[in-house]
Each structure stands twice: as C-alpha cells, then as structure tokens.
Amino acid sequence: MGMKFYTVAIALVLLLASAAEFSEAAMYDVTKYGGKVDGSTDLSQALLAAWKEACADPAGSSVLIPAGTYALGQTIIQGPCKAPINLIVQGTLKAPIDTSSFKPDGGWVAFQYLDQFTLSGNRVFDGQGTTLWGRKCVQSEYSTDLPINLRFSFVTNSMVRDVTTKDSKQFHVNVLGCKNLVFNHFTVSAPADSLNTDGIHIGRSSSINITNTHIKTGDNCISIGNGSEQISINDITCGPGHGINIGSLGK
C-alpha cells in the first residue's frame, strides 16, 4: 500500500497552468526533420533541429514527437527561446543501454535555461536501467556516474505534466537552480529493488510545486537538498519508495 503525503500549497500553481499553451502555436514535427519511428534510429538530431527552429519562433511554438517508439541518445534541450514553447511527447522514448559515450553529468535528457516552457504528452521516458541498477564502483557501494533520466537546470515559470519517467539508471529527475516550476500529474515508475533511483531531487531551487503525482521507486520518492525554499508537495502517492527526505533545507 502506497503512502500519501499532503501539504499546504505555498505557491500559486494556477499561475502556471496555462504557461506556454497556445491554440494557434506553430507545430514543429520531428518526423519532418528526419525523425524515424523505428525504435532504433537515434532521434536526437531530428529533435534538436526541430527545437532550434521552434525556439527561434517569436510567436510561440510547439515541438511534437508523434506516437510511436523512438531511440533517443543523450540530448540537451536549451534556451533561451524567443517566446513560450512546448515539447509534446506522444511517443515512447528509449534511452541507450550503453551510455559509455555520454558526457559526464549530462544526464539522458536535459532541459536548461528555459522560461515559459511546457513538457507534456502522456507518454514515457524509458531509461532502460534494469540491467545497470546496483552496478558497483571501486570507490562506492554503487556507481554514481549513471545518467539521470530528466534534468531541469535553470528553468523558470514552466510546467511538466502528464509525463512518465520509467526505469531510470540513476535519479529519475534532478531539479537545479529552477524557479516557479510545476510537476502536475507526473509519474515515476521503477521497482523497489532499483538502487539510487530517487524520484525527484530538488536542489538550490524555489517555488517548486509537485501535485497529483504518483511515484514508485527504490529510493526516496522526493528528496530536497540545500538551498531550496518554497517547495509545495500536494496529493502525492509514494510507494514503493523511502518517502520524502529533507536535508540541509534552506542552507
């Protein structure tokens, strides 16, 4: 039986509910930029090509990953962009099992220096970490050089909703230097024996709102590091998982 945690919201979630939502926004479909829906061809170049054009659109835009299964290598999606922007993920994205070519500390998919950004789409970021959990290193009980599924760095006034992160090789989500970022109807999915797979880790960030979220993992459901303030956690289901861990909060 999972545990439910409720806290009083200390920031205005509704202020961001419509951020980067545009009924007439230009749509940039990754399959028009060479993306292959075959589950084996790396989507990263097509995604970045679509993102580059969408990010430069001064009228607001959306990048679309249509339904299907895609392979995706290490990818950094960054701004600043000319106007609010969406990434709509309607397909399942699968990480490489072999990450030896990844840049250190880059994670699998990183979002950085973005404002008024929305990540949505009702689909899955599958880290394919099942064969790597518990891999030991010489200096530690487990290897900490494995990639995090989703990294959000210096993202402001933005929202992540209706998205699932599955079987990350390490933490599922890392939030660093962010402000006014909402996770709504967000799902973390991993079994109880997945080592070092915190659901959402927050550091040096403020006004982070996590609501209506379901977390199943082998480590902390949510962990809050130093330099963080105004963290709102509301209507969370945690289990399996180690609960909410607060360490050095506000220092």
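Visitor: Leaving aside its neighbours within four places in sequence, which residues is Arg151 in contact with?

Guide: In this predicted model, Arg151 is in contact with Asp105, Gly106, Gly107, Val109, Ala110, Phe111 and Asn174, its neighbours within four places in sequence being left aside. Arg151 itself belongs to strand E11, residues 150–161.

Visitor: What makes Arg151 a residue without a salt bridge?

Guide: A salt bridge requires a side-chain nitrogen of Lys or Arg within 4 Å of a carboxyl oxygen of Asp or Glu. For Arg151, which is buried, the nearest side chain of opposite charge is that of Asp105, at 5.6 Å, and no salt bridge is present.

Visitor: How do you know that the span of helix H1 agrees with its number of residues?

Guide: Helix H1 runs through residues 44–55, and its twelve residues, at 1.5 Å a residue, should span 16 Å. The C-alpha atoms at its ends are 16 Å apart, so the two values agree.

Visitor: Which residues of H1 are buried, and what puts them on the same side?

Guide: The buried residues of H1 are Ser44, Ala46, Leu47, Ala50, Trp51, Ala54 and Cys55. They lie on the same side of H1 because they cover an arc of only 160 degrees around the axis. The exposed residues Gln45 and Lys52 are on the face turned away from that buried side. The buried residues pack against several strands, among them E2 (26–29), E3 (61–65) and E8 (109–115).

Visitor: Why is Cys55 called buried, and why is Cys81 called partly exposed?

Guide: Buried means under 20% relative accessible area, and exposed means over 50%. Cys55 has 11%, so it counts as buried. Cys81 has 22%, so it counts as partly exposed.

Visitor: How do you know that Cys55 and Cys81 are joined by a disulfide?

Guide: The two sulfur atoms must be within 2.5 Å, and those of Cys55 and Cys81 are 2.1 Å apart. This pair links distant parts of the chain, with Cys55 in helix H1 and Cys81 in the loop between E5 and E6, 26 residues apart. The torsion about its S-S bond is about -105 degrees, so this disulfide is left-handed.

Visitor: What makes the disulfide of Cys221 and Cys238 right-handed?

Guide: These cysteines are joined with an S to S distance of 2.0 Å. The torsion about their S-S bond is about 80 degrees, and the disulfide is therefore right-handed. Cys221 is in the loop between strands E17 and E18 and Cys238 is in strand E19, so the pair ties together parts 17 residues apart in sequence. Both Cys221 and Cys238 are buried.

Notes
Residues are numbered from 1 along each chain as its sequence is written. This is a predicted model: local features need pLDDT of at least 70, side-chain atom pairs count only at pLDDT 80 or more; totals for chains, interfaces and linings use all residues. Side-chain values use heavy atoms; hydrogens and water are left out. Helices (H or I, at least four residues) and strands (E, at least two) are DSSP runs, numbered from the N terminus. The expected span of a helix is 1.5 Å times one less than its number of residues. Buried means under 20% relative accessible area, exposed over 50%, partly exposed in between (1.4 Å probe, protein chains only). The arc is that of the directions from the helix axis to the C-beta atoms. Contact means heavy atoms within 4.5 Å. Lys and Arg count as positive and Asp and Glu as negative; His and the chain ends are not counted.
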